[in-house]
Amino acid sequence: MSDLSLKDPAEPDETAEGEPAPRRKRKPIGWSLITIGVLVLISAALVWRRDGIEGVTEILTHDVTLFGGILPRVLAGCLLGAFIAEILPHDKVSRSLGADSGLKGLLIGTAFGAILPGGPFTAYPVASALLTVGADFGATIAMVVSWTLIGYGRAVAWELPIMGADFTLWRIAISLPLPVLAGAFGRFVYVRMYPAKKLAKKDDAE
Amino acid sequence: MSAALLIDLILWASVAGVGYIAYRRGPKVMTASLREGSWDFINIVPRIAVGVIGSGYIAAVIPQEIITGWLGPNSGWLGVATAVVAGAATPGGPVVGFSIGAVALKAGGGAPQVLAYVIAWALFAFQRLLLWEIPFMPARFVWFRAAVSIPFPFLAAAIAMVIGKP
């Protein structure tokens with residue numbers, strides 16, 4: 001089934017029309033998927049040896065249900081990312097989230113990540129859209145870290161019921177400064193790793 | 001109304017909101033974004049199928065007792081370091097890391113260690129990096145972000161030790 005999407009659908013007509021927003025190049029199926037696939041096969045074989053075929057089908061049924069539930073959200077996330085890449089004005093984004101946006105840019109990235117609805121299916125397309133329209137690594141790191149550590153989605157749906165309110169609230173409180181710190185640290189390292197290419201972020205779009 | 005439903009509502013309302021802004025810019029802008037988003041979706045589905053449908057198997061075979069055994073309250077900074085490695089090695093998905101964290105807490109794990117474990121898992125669980133982050137984002141950004149995130153579970157554990165919470 002993995003062969004379906006092997007082709008990179010680089011539609012030349014799409015870029016010809018409408019806004020000249022830089023397109024994110026899509027990746028063909030690569031080593032990351034193969035790694036996961038191999039891990040899954042090994043694990044499934046281990047489950048089969050341990051629990052027999054019932055164990056395998058039980059997990060399969062559960063995960064297929066989960067997958068069915070996630071699919072519409074993945075679509076929503078992809079659309080959200082595509083719309084944001086299209087409608088955000090590049091000059092404004094580079095000014096407020098670019099390499100020279102300072103603490104303010106990190107705070108905006110943090111706030112954005114904290115209020116972003118949805119799961120990884122929204123966070124990463126939107127973060128990718130931000131990079132495309134001119135945010136720097138630092139602000140985007142702040143956004144991703146903020147989404148993962150202080151975003152409410154996973155905390156409300158999973159962490160509160162599983163870990164309990166006490167742990168969850170303290171965990172979030174302790175995490176509050178981390179997105180800004182991670183973004184600042186990212187910027188600090190980035191300008192030293194790539195001193196000349198401060199603005200050459202278009203190379204990254206692959 | 002369940003939390004998941006509420007989050008779905010907010011999600012789709014956001015899509016509708018930005019979609020409307022795109023439409024105001026002109027139908028062409030909207031259809032171009034729709035097509036772009038749909039292609040992203042079609043491209044990502046096989047990966048997510050493999051990852052989500054398969055992650056149950058990975059979760060079923062990871063040795064939970066070993067992970068929770070490492071996170072004892074007297075394990076100190078070695079325990080924190082172990083927790084960070086264990087968090088990175090735990091498969092992603094919304095449940096696994098929290099479940100193991102909860103088991104570790106109940107089994108008498110130290111709060112700073114469990115905190116470091118949950119935060120490391122949230123920040124750079126390898127399976128989430130490979131399954132979700134790499135397909136959507138430039139690989140260079142993903143590795144860079146994961147690398148600069150490494151100190152932060154330690155920092156969180158240090159804060160937890162200082163304030164004596166959770």
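**Domains of chain A**

I looked up the domain assignment of chain A in this predicted model. It gives domain 1 as 29–87 and domain 2 as 89–206. I took the distance between the C-alpha centres of domain 1 and domain 2 of chain A and got 25 Å. For the contact between them, I found 10 residues of domain 1 of chain A against 10 residues of domain 2 of chain A. I then sorted the domain 1 side of that contact by class: seven residues are nonpolar, two are polar and one is charged.

**Elements of chain A**

I went through the secondary structure of chain A next and noted nine helices and zero strands. Read from the N terminus, the order is α-α-α-α-α-α-α-α-α. Chain A has 206 residues, of which 45% count as buried. I also checked sequence separation in chain A: among contacts between residues at least 6 apart, 78% join residues at least 24 apart.

**Chain B**

I repeated the look-up for chain B. Chain B has nine helices and zero strands, and its elements run α-α-α-α-α-α-α-α-α from the N terminus on. Of its 166 residues, 55% count as buried. In chain B, 76% of the contacts with a separation of 6 or more are between residues 24 or more positions apart.

I then turned to the dimensions of chain B. Along the principal axes, the C-alpha atoms of chain B fill a box of roughly 60 × 40 × 35 Å. The radius of gyration of chain B is 20 Å, whereas a compact globule of 166 residues would have one near 15 Å.

**Contact between the chains**

I listed the residues on both sides of the contact: 81 come from chain A and 78 from chain B. On the chain A side, the elements that give two or more residues are α2, α5 (120–132), α6 (137–150), α7 (152–163), α8 (165–175) and α9 (178–193). Helix α2 of chain A supplies the largest share of that side, with 32 residues. By class, I noted 50 nonpolar, 17 polar and 14 charged residues on the side of chain A that touches chain B.

**Nonpolar core**

I looked for the largest nonpolar core and found one of 104 residues. The residues with the most contacts inside this core are A:Leu130, B:Leu115, B:Ala116, B:Tyr117, B:Ile119 and B:Ala120. Helix α2 of chain A (residues 31–87) gives the largest share of the core, 18 residues.

I followed one of these residues, B:Ala120, further. Setting aside neighbours within four places in sequence, I found B:Ala120 in contact with B:Ala83, B:Val84, B:Gly87, B:Ala88 and B:Pro153.

**A:Leu116**

I picked one loop residue to check. A:Leu116 sits in the loop between α4 (102–115) and α5 of chain A. Is A:Leu116 buried or exposed? I counted 24 C-beta neighbours inside 10 Å of A:Leu116, and the cut-off for buried is 20 or more, so A:Leu116 counts as buried.

I then listed what A:Leu116 touches, not counting residues up to four places away in sequence: A:Thr122, A:Ala123, A:Val126, A:Trp147 and A:Gly151. I also took the distance from A:Leu116 to A:Glu86, which is 30 residues apart from it along the chain. The C-alpha atoms of A:Leu116 and A:Glu86 are separated by 18 Å.

Definitions and conventions. Residues numbered from 1 in each chain as written. Chains lettered and ligands numbered in written order. Predicted model: local features only at pLDDT ≥ 70, side-chain atom pairs only at ≥ 80, totals over all residues. Core = buried A, V, L, I, M, F, W, Y, C linked by C-beta atoms within 7 Å. Buried ≥ 20, exposed ≤ 12 C-beta atoms within 10 Å, placed from the backbone. Helix = DSSP H or I, 4+ residues; strand = E, 2+ residues; numbered from the N terminus. Contact = placed C-beta atoms within 7 Å. Domains from an automatic or database assignment. Nonpolar A, V, L, I, M, F, W, Y, C, P; charged D, E, K, R; others polar. Rg over C-alpha atoms; globule rule 2.2 N^0.38 Å.
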